[in-house]
Amino acid sequence: NEEPQGFVCVPEIRVEDDRTGLDIETLKRAFADNLFYIQGKLGSMATPNDYYMALAYTVRDRLLQRWLNSAQTYLRGDVKVVCYLSAEFLLGPHLGNNLINLGIYDRIEQAITESGLDLQELIAQEEEPGLGNGGLGRLAACYIDSLASLEIPAIGYGIRYEFGIFDQEIQDGWQVEITDKWLRYGNPWEIARPEIAVEVKLGGYVDHYVDDAGNYRTHWIPDREVHGVPYDTPILGYRVNTANTLRLWKAEAPESFDFQAFNVGDYYGAVDAKISSENITKVLYPNDEQVQGKRLRLEQQYFFVSCSLQDMIRLYLLENPNLDNFHETFAVQLNDTHPSIGVPELMRLLVDEHHMAWEQAWQITTHTFAYTNHTLLPEALEKWSVQLFGRVLPRHLEIIYEINRRFLDMVRIRYPDNDAKLASLSLIDELGKKSVRMAHLACVGSYAINGVAQLHTELLKKDVLHDFYALWPEKFSNKTNGVTPRRWVVQNNPGLSKLISRKIGDRWITHLDELRKLEQFADDPQFQAQWQQVKQNCKHQLTKQIKERTGVVVDPTSMFDIQVKRIHEYKRQHLNALHIITLYNRLKENPDLDLQPRTFIFGGKAAPGYFMAKLMIKLITSVGEVVNNDPDVRDRLKVVFLPDYNVTNSQRVYPAADLSEQISTAGKEASGTGNMKFSLNGALTIGTLDGANVEIREEVGAENFFLFGLTTPEVKEQKANGYNSWDVYNANPGLKKAIDMISCGFFSHGDQQLFKPLLDSLLYDDKYMLFADYQDYIDCQDRVGDAFKHKDAWTKMSILNTARSGKFSSDRAIREYCQEIWQVEPVPIELQEYVQANA
Ligand code: GL7
């Protein structure tokens with residue numbers, strides 16, 4: 001029989017076969033097979049990347065059954081699904097994480113070793129998907145991990161950027177941006193699903209007409225159409241059968257464009273159109289907390305939101321005759337305002353395309369969406385000029401006006417004759433250039449609104465969203481952020497994980513509160529010694545990495561004082577630099593001073609257009625150059641700027657930290673999540689009462705936290721009372737000396753102009769109150785230095801930080817979202833031995 005067998009009808013796939021078996025011999029054979037059949041290589045010619053790919057496919061084969069079973073289960077009518085809409089997912093590498101969540105790390109390690117290779121080296125080959133800027137994108141990644149681990153049916157929807165966050169190089173002390181070509185060698189974790197691509201319209205105009213039956217209808221005639229092709233990545237839960245989907249959309253030109261243009265002979269025109277469509281998902285905007293107001297960005301937002309909502313509707317209509325109960329099947333979370341265009345888009349889909357009455361569509365819409373706010377910074381609150389908005393999304397602008405008309409009618413009843421109230425609540429900012437306020441749109445269109453830490457939520461209610469809180473207090477709640485212990489402890493800090501599990505078992509990995517059981521050993525000398533040993537090993541590893549990546553030799557017994565996060569004036573990396581200069585000056589005055597040796601480690605990217613942040617990097621590297629090379633310092637101080645801080649490079653950082661710098665101006669950092677990763681890994685925090693620092697301090701105890709600085713009300717008060725940084729500078733000799741040294745070119749080879757913009761902003765404005773907090777910070781750092789000298793007391797504090805950080809698990813955060821916002825329940829997945837090939 002010459003017919004290819006098994007193509008026409010595959011009855012079923014046997015699960016426990018060579019492709020999925022887990023014994024060492026099967027794993028080794030699968031690995032060799034994949035190298036040969038997928039990469040097309042023999043061992044003799046394979047590159048490290050070929051080996052990585054072969055291993056990634058070996059692992060992927062072993063999670064597909066979970067993935068398919070999960071998808072099939074969710075298609076059942078009675079399952080409520082969380083849809084997490086986010087313009088960013090800062091995932092980090094998949095391989096190590098999947099090995100841990102599948103529970104096959106040790107076997108794979110053995111199989112790879114027996115194949116003559118090193119697992120760590122293969123894991124290091126993976127190009128991380130850096131599809132996010134910082135905390136906000138990383139939070140989305142932690143949340144989809146927890147959703148899967150808690151067996152909650154969920155889909156993450158986002159954008160498949162061809163280029164993620166840029167790679168950072170440091171040249172001559174300055175940041176240089178390099179394009180992140182993460183897809184260059186292929187991505188084994190994603191599967192494209194072109195068969196369920198959707199169409200997205202852009203631009204053009206709107207026609208209103210009455211149809212034959214006398215109904216008012218709307219017809220949007222776009223001037224451009226783009227295809228959205230989904231790329232799916234499995235997101236495995238930890239040691240459960242759940243594998244959820246992260247569905248990221250890629251923009252492609254529809255075929256029809258090519259044909260049309262081809263027929264009129266305009267081949268190059270067709271190619272242009274294709275390129276312009278595909279530009280939509282080309283690159284991640286590298287700004288955090290700063291909106292850029294670019295048309296392409298609005299197109300990105302609309303594109304992925306429209307694709308996602310159309311996808312949900314398609315899925316829903318597979319099981320239901322109409323959309324009447326859509327909101328009972330989908331809970332859609334808006335990760336900041338970036339996807340808030342979903343509110344008018346769902347209205348458009350329901351009213352224009354599915355011919356639903358406005359009132360019913362509004363009921364469904366406002367029972368579908370919930371909104372998380374992630375920032376208080378005014379420059380980060382999204383607004384789109386009405387003019388630009390109308391050009392890109394003419395129909396949505398009409399819908400927003402209609403939503404606003406009805407909303408303001410309601411406000412008028414609540415606040416009669418109060419034009420100021422109308423103006424402040426309106427979805428349209430009428431001052432200056434008219435613009436659409438996306439946060440207002442999100443508030444009006446959502447049934448729940450939350451902040452990301454207690455303080456942040458209080459400030460939202462008091463300030464930024466005060467008028468909405470007055471209208472609908474019941475919509476507001478706090479959901480303090482969390483991080484996944486799987487990646488941030490188990491994977492990154494195996495030494496600590498094993499030590500903890502030996503003491504208290506391993507249930508903490510999914511029930512992080514159990515870390516409290518460590519408290520009883522905080523004073524135990526033997527446990528303390530083991531704890532110190534683990535920390536010391538981590539510091540050795542980071543020391544090695546620092547040497548390799550920067551050439552700087554640091555002392556692993558010195559205190560590792562670390563600030564890693566995006567570079568921002570409000571995060572105040574330059575306050576940290578002022579402390580370094582202050583210590584340096586003390587050593588210069590008294591070279592024999594008994595000073596606690598410290599290694600200051602910085603990492604973080606500056607937005608490419610944020611001049612001041614880039615200058616802050618240059619300041620840190622310049623201070624480092626002087627301090628690291630001054631013989632008087634005798635290596636007691638070292639300053640390191642770790643280039644290209646990303647998820648991969650952060651892996652060695654958190655476990656190695658003694659001190660975590662969380663020093664933003666009070667009232668500016670919505671939550672922070674790095675602060676949680678540090679504390680979980682046993683670092684002590686020096687921090688202000690900002691964001692989640694407040695709650696960390698509450699949990700670990702004031703005596704295990706180094707607090708300094710003005711509080712939020714004090715900041716406000718000082719500003720109201722005419723805070724003048726110039727006076728503070730003149731009154732504080734230490735501060736003055738540090739600033740004068742920068743100013744006279746001490747750190748810049750005599751160049752007095754280099755840091756002038758930064759110094760001027762401090763001396764004549766100091767928006768972020770560095771000078772106001774300077775002395776308290778220095779004093780607090782002195783207490784840190786003293787405390788570190790007492791090894792046992794410090795170790796006790798370190799243990800207590802870990803033991804009491806259980807609250808900051810993303811599992812806890814996701815449970816709260818599930819119970820208090822989404823109303824969803826776990827749906828455990830059964831692993832059938834056979835997957836139905838035709839199902
Ligand atoms: C952020 C906040 O700045 C940060 O404090 C918070 O932890 C994070 C996640 O909620 O969201 N908001 C924001 O715009 N970015 C953040 O990291 C970029």
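Predicted model: local features only at pLDDT ≥ 70, side-chain atom pairs only at ≥ 80, totals over all residues.
## Ligand site and domain interface

The ligand is surrounded by 13 residues, the closest being E289, H374, N481, E669 and G672. Residues are numbered from 1 along each chain as its sequence is written, and side-chain values use heavy atoms, with hydrogens and water left out.

| Residue | Atom of the residue | Distance to a ligand oxygen atom |
|---|---|---|
| G135 | polar backbone atom | 3.3 Å |
| E669 | polar side-chain atom | 2.7 Å |
| S671 | backbone N or O atom | 3.0 Å |

Now the domains. Domain 1 covers 81–92 + 128–193 + 229–471, and domain 2 covers 503–708 + 778–804. These bounds come from an automatic or database domain assignment. The C-alpha centres of the two domains lie 35 Å apart.

How many residues of each domain are in contact? Domain 1 gives 33 residues and domain 2 gives 37, with contact meaning heavy atoms within 4.5 Å. About 2800 Å² is buried between the domains, and carbon and sulfur atoms give 57% of this area. Buried area is the accessible area (1.4 Å probe) that two parts lose on being put together, summed over both. E128, Q168 and W174 supply 20% of the area that domain 1 buries against domain 2, more than any other three residues.

Polar contact links 15 residue pairs between the domains, both residues at pLDDT 80 or more. On the side of domain 1 that touches domain 2, the elements giving two or more residues are helix 7 (135–149), strand 6 (167–171), strand 7 (174–178) and helix 18 (454–464). Helices (H or I, at least four residues) and strands (E, at least two) are DSSP runs, numbered from the N terminus. Helix 18 has the largest share, four residues.

Salt bridges come last. Each is a side-chain nitrogen of Lys or Arg within 4 Å of a carboxyl oxygen of Asp or Glu. The structure holds 60. One of them joins E359 and R406, with closest N and O atoms 3.2 Å apart. E359 sits in helix 13 (residues 358–365) and R406 in helix 15 (residues 394–414), so this pair links distant parts of the chain, 47 residues apart. Three salt bridges cross the interface of domain 1 and domain 2.

Definitions and conventions:
Polar contact = N/O pair within 3.5 Å; in protein donor to acceptor, adjacent residues only side chain to side chain. Near = heavy atom within 4 Å.
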